[in-house]
Amino acid sequence: MITVAYSFVAYQVTGLTPDACDHCVAAIKTELISVPGVVGVDVTPAASKISILTDGPVSEEAIRSAMDAAGCGLVGE
C-alpha cells in the first residue's frame, strides 16, 4: 500500500489585488506549480491569498522565490 501525505498551506500575498487580471493569476499559478512538491494552487485575489497543496516537504524559500518571479510577495517573514 502506498500512502502519500498532503499538506495544505495558505499565505497572505502582497501585490495581489481584488482586480487582478487573469494573466496575473495565471502567472502566479504557473510559478508556484513549477516548485517541486507543489501539486495544487488556488489564487484568491479578493482576499489577497494563495493556497498551496503539497505532496511532501516544500521549502518556504522556494515558495517565496516563485512568488517573487510572479511579481508578488508573501506577507511576513
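Contact is defined here as heavy atoms lying within 4.5 Å. Helices (H or I, at least four residues) and strands (E, at least two) are DSSP runs, numbered from the N terminus. The structure is a predicted model, in which local features need pLDDT of at least 70 and side-chain atom pairs count only at pLDDT 80 or more, while totals for chains, interfaces and linings use all residues. Residues are numbered from 1 along each chain as its sequence is written, and side-chain values use heavy atoms, with hydrogens and water left out.

The protein chain contains two helices and four strands, arranged from the N terminus as β-α-β-β-α-β. The C-alpha trace spans about 45 × 25 × 20 Å along its principal axes. Of the contacts with a separation of 6 or more, 60% are made by residues 24 or more positions apart. Buried residues make up 31% of the 77 residues, where buried means under 20% relative accessible area, exposed over 50%, and partly exposed in between (1.4 Å probe, protein chains only).

The four strands form an open, antiparallel sheet in the order S2-S3-S1-S4. Because strand S2 (38-44) and strand S4 (73-74) each have a single partner strand and stand at the edges, one side of each is left without a neighbour in the sheet. Two strands are taken to pair if DSSP finds at least two bridges between them. Strand S1 (residues 7-14) is joined to S4 by two antiparallel bridges, and Val13 has Leu74 in S4 as its bridge partner. Six bridges join S1 to S3, with Val9 opposite Ile52 in S3. S2 and S3 are likewise paired in the antiparallel sense over six bridges, and Val38 stands opposite Thr54 in S3. These two strands, S2 and S3, form a hairpin with four residues between them, and Ser48 in the turn has a positive phi of about 50°.

Within strand S3 (residues 49-54) lies Ser51, which is buried with a relative accessible area of 5%. Leaving out residues up to four places away in sequence, Ser51 touches Phe8, Val9, Ala10, Gly40, Val41 and Asp42.

Helix H1 and helix H2 (residues 60-69) pack at an angle of about 145°, with their axes 8 Å apart. Axes are lines fitted to C-alpha atoms, for helices over the stretch in contact, and angles run from 0 to 180 degrees between N-to-C directions. Ile28, Glu31 and Leu32 in H1 meet Ile63, Ala66, Met67 and Ala69 in H2.

The loop between S1 and H1 contains Ala20, a partly exposed residue with a relative accessible area of 22%. Neighbours within four places in sequence aside, Ala20 is in contact with Val25 and Pro45. The C-alpha atoms of Ala20 and Pro45 are separated by 6.3 Å, although these residues are 25 residues apart along the chain.
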